[in-house]
Amino acid sequence: MNVEPRHEIDPDHFRRVMGRFATGVTVVTATADGKTRAMTANAFMSGSLDPPQCVVSVAKRAHMHGYLTAARRFSVSILAAGQEEIATHFAGRPVPGFELAFVDVDGTPAMPGACAVITAIKTADHDCGDHTIFIGHIATMQADERPPLLYHAGRFAALVPLAEATPALPEFW
Ligand SMILES: Cc1cc2nc3c(=O)[nH]c(=O)nc-3n(C[C@H](O)[C@H](O)[C@H](O)COP(=O)(O)O)c2cc1C
């Protein structure tokens, strides 16, 4: 059997390559010991339709990690275009003078003004190297039609729909 030699992956190269994957931007929120914390995250995805589950990956060194480990519930707010300040603030670069009141969604704090909010009951966590993958059973979901904030190659970006209408893709789940 041919075994590929294991090459060291340079962290900057890792970030540059992973950064080619364009994503939306979410803020994950959880409460532990009566304190609420929020963190900007793009490592979010739909997990399962039946049962409805979502997935988020959080660095073990993030303060948020302890909150998610302790919390029973969490929310994921998908940021709308124009919410860069919120994304920056909760990505470890506090914006001076920035004040924000969480909104309550089904008993879970979430971001005001997001274009979608998902609340979930934590059901599992899985080790993933220097991150932990948290899985939540979705309790509530809401969304509006506003365009999302995007992230690509280390920068925030905006969605530019194609001029020509593309055929609808078949559902894949
Ligand atoms: C667009 C964007 C996406 C991010 N996605 C994640 C992510 O998915 N998981 C993660 O652990 N950190 C992610 N981060 C980094 C955290 O937001 C950042 O490290 C934050 O300071 C951690 O917060 P805390 O230590 O206060 O909990 C992202 C940052 C940005 C700007």
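Predicted model: local features only at pLDDT ≥ 70, side-chain atom pairs only at ≥ 80, totals over all residues.
Reader: Let's take Arg 37. How far is an oxygen atom of the ligand from an N or O atom in its side chain?
Author: 2.6 Å for Arg 37. With Thr 40, a ligand oxygen is 2.8 Å from a polar backbone atom. Ala 59 also has a polar backbone atom 2.8 Å from an oxygen of the ligand.

Reader: And how much of the ligand's accessible area does the protein cover?
Author: On its own the ligand has 650 Å² of accessible area, and the protein covers 81% of that.

Reader: Where does the ligand sit?
Author: In the largest pocket.

Reader: Back to Thr 40. Buried or exposed?
Author: Thr 40 is buried, because its relative accessibility is 18% and the cut-off for buried is under 20%. Thr 40 belongs to strand E3.

Reader: What does the side chain of Thr 40 have 2.6 Å from a polar atom?
Author: The backbone oxygen of Ala 87. Apart from neighbours within four places in sequence, Thr 40 also has contacts with Val 25, Thr 26, Val 27, Ile 86, Phe 90 and Ala 91, as well as with Ala 87 itself.

Reader: New topic: where is Lys 60?
Author: Lys 60 is in the loop between E5 and H2. At 37% relative accessibility, Lys 60 is partly exposed.

Reader: Which residues is Lys 60 in contact with, leaving aside neighbours within four places in sequence?
Author: They are His 65, Asp 127, Gly 129, Asp 130, His 131 and Thr 132. As for Cys 128, its C-alpha atom is 9.5 Å from that of Lys 60, and the two are 68 residues apart along the chain.

Reader: Last one, Ser 57. Which strand is it in?
Author: Ser 57 is in E5, which covers residues 53-59. With a relative accessible area of 17%, Ser 57 is buried.

Reader: And what is Ser 57 in contact with, leaving aside its neighbours within four places in sequence?
Author: Ala 43, His 131, Thr 132 and Ile 133.

Key: Residues numbered from 1 in each chain as written. Heavy atoms only, no water. Helix = DSSP H or I, 4+ residues; strand = E, 2+ residues; numbered from the N terminus. Buried < 20%, exposed > 50% of the residue type's maximum accessible area, 1.4 Å probe, protein only. Contact = heavy atoms within 4.5 Å. Polar contact = N/O pair within 3.5 Å; in protein donor to acceptor, adjacent residues only side chain to side chain. Areas by Shrake-Rupley, 256 points an atom, 1.4 Å probe, with all protein chains shown as cover. 1 Å grid on protein atoms, 1.4 Å probe; cavity = no way out; pocket = protein on both sides within 12 Å on 5 of 7 lines; lining within 4 Å. Sits in = over half its atoms within 2 Å of the grid points.
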